[in-house]
Amino acid sequence: MGCNFSYEPENKLPEIIRCHNHKRPDELPDNWQARVDLATACRGFYFYGIGLRNAMFNHAVAVAKRKDGTGSCYLLGPFGVLWKDVTPESIVEIDLSEGEKAWESLRMPDTAVHIMIALQKNRPDCIAVFHCHPIYSLSLACTKNAKIEQLNMTFMELCHDIGYYGSKVEDWETYYNDWFQTLGKNKHVLWLANHGVTTIGHSIAQAFEKMTAMEQAAEAQVKAMSTGQPLRLLAPERTKQLIELLQDDYPDHAQAHLDSFRNLLPENCLKPDS
Ligand SMILES: [Zn+2]
């Protein structure tokens, strides 16, 4: 895979970082905006009950501009904090100009960093990734031949956006690379057998939208299956038509969805120096 990320030559970045970054700084979200979006997403997940509501083994990560706008950083949801308590200020920042030292000194597991490195290596079009263990998606992922069926008009698009992955772990680097290779060039939802869900996005809002859609679709399916009645699947030709209509009518629905949770942030959560 090519490496099209470039910094000014005087900015001495270790090779590992330079090769994993494919987004130009001017394409990345502003630091504060990304912090607000990430904190809002965590609180939105809490609202939905996604990820067992904490940030212990669930991960929220994004690439953004550094505060001074000169390069990029990773922003991580804080460890050991309930999703409902995450604020823009509490988001952990990793300055990529410091190389591996920056995350070796983290006072939290560096899993999220390695997930992001694998994301950037395999899907440089995406800047955000969430990894959670939402209960309905997980319940279905614990069944044989798990599959999201074409049942729910609201989430029809999702069925074409899911990659399915088993639970084989040999080493973490291979494991995370396998995750994103499973998604190919276009998919955004990774369903992990006996484990949970990982979603990615060109924006934090898109990755958030995918996670919440996956869990709501799984919930509807689990509840429909629990009735014991045969499932009523949507006709493929009808769903194709509806998907196109939804894309045309609601092109910005992911950002609008995330923004609708902004009020969950504390009132005094203001941009520094504003
Ligand atoms: Zn997990």
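Q: Hi! At what angle do helix 2 and helix 7 pack, and how far apart are their axes?
A: Helix 2 and helix 7 pack at about 10°, with axes 10 Å apart. Axes here are lines fitted to C-alpha atoms, for helices over the stretch in contact, and angles run from 0 to 180 degrees between N-to-C directions. That makes helix 2 roughly parallel to helix 7. Angles under 35 degrees count as roughly parallel, over 145 as roughly antiparallel, 65 to 115 as roughly perpendicular and the rest as oblique.

Q: Which residues in helix 2 and helix 7 meet?
A: From helix 2, Ala34, Asp37, Leu38, Ala41, Gly44 and Tyr48 meet Ile204, Ala205, Phe208, Thr212 and Glu215 of helix 7. By class, this contact has seven nonpolar, two polar and two charged residues. Ala, Val, Leu, Ile, Met, Phe, Trp, Tyr, Cys and Pro count as nonpolar, Asp, Glu, Lys and Arg as charged, and the others, Gly among them, as polar. Two residues are in contact if their C-beta atoms, placed from the backbone, lie within 7 Å.

Q: Before we go on, what sort of model is this, and how are residues numbered?
A: It is a predicted model, where local features need pLDDT of at least 70 and side-chain atom pairs count only at pLDDT 80 or more, while totals for chains, interfaces and linings use all residues. Residues are numbered from 1 along each chain as its sequence is written.

Q: Thanks. How many helices and strands are there in the protein chain?
A: The chain has nine helices and seven strands. Helices (H or I, at least four residues) and strands (E, at least two) are DSSP runs, numbered from the N terminus.

Q: Back to helix 2: how far does it reach from its first C-alpha to its last?
A: Helix 2 covers residues 31–48, 18 residues in total, and reaches 26 Å, close to the 26 Å expected at 1.5 Å a residue. The expected span is 1.5 Å times one less than the number of residues. Gly49 follows helix 2 and has a positive phi, near 75°.

Q: And helix 7?
A: With 23 residues, helix 7 reaches 33 Å from its first C-alpha to its last, close to the 33 Å expected. Helix 7 is followed by Gly228, with a positive phi near 80°.

Q: How many residues of helix 2 are buried?
A: 14 of its 18 residues are buried, and helix 2 is mostly covered. A residue is buried if 20 or more other C-beta atoms lie within 10 Å of its own, exposed if 12 or fewer, and partly exposed in between. Ala41, found in helix 2, is buried, with 27 other C-beta atoms within 10 Å.

Q: What does Ala41 contact beyond its sequence neighbours?
A: Leaving aside neighbours within four places in sequence, Ala41 is in contact with Ala60, Ile204, Phe208 and Leu258. Ala41 and Leu264 are 223 residues apart in sequence, with C-alpha atoms 9.8 Å apart in space.

Q: How many residues does the largest nonpolar core have?
A: That core has 68 residues, and those with the most contacts inside it are Leu38, Val61, Ala62, Tyr74, Leu75, Met116 and Ile204. Helix 7 (residues 204–226) gives the most to this core, with nine residues. A nonpolar core is a set of buried Ala, Val, Leu, Ile, Met, Phe, Trp, Tyr and Cys residues joined through C-beta atoms within 7 Å.

Q: Is helix 4 enclosed or exposed?
A: Nine of its twelve residues are buried, so helix 4 is largely enclosed by the rest of the structure. Met116 is one of those buried residues.

Q: Changing topic: where does Tyr136 lie?
A: Tyr136 lies in helix 5 (residues 135–141). Tyr136 is buried, with 20 other C-beta atoms within 10 Å. Setting aside neighbours within four places in sequence, Tyr136 is in contact with Glu215, Ala218, Glu219 and Val222.

Q: Which value does phi take at Asn145?
A: Phi of Asn145 is near 55°, a positive value in a residue other than glycine. Most residues other than glycine have a negative phi. Asn145 lies in the loop between helix 5 and strand 5 (162–165), and Asn145 is exposed, with 5 other C-beta atoms within 10 Å.

Q: What about Asn194?
A: Asn194 has a positive phi of about 55° although it is not a glycine. Asn194 sits in the loop between strand 6 (189–192) and strand 7 (196–201). Asn194 is exposed, with 11 other C-beta atoms within 10 Å.
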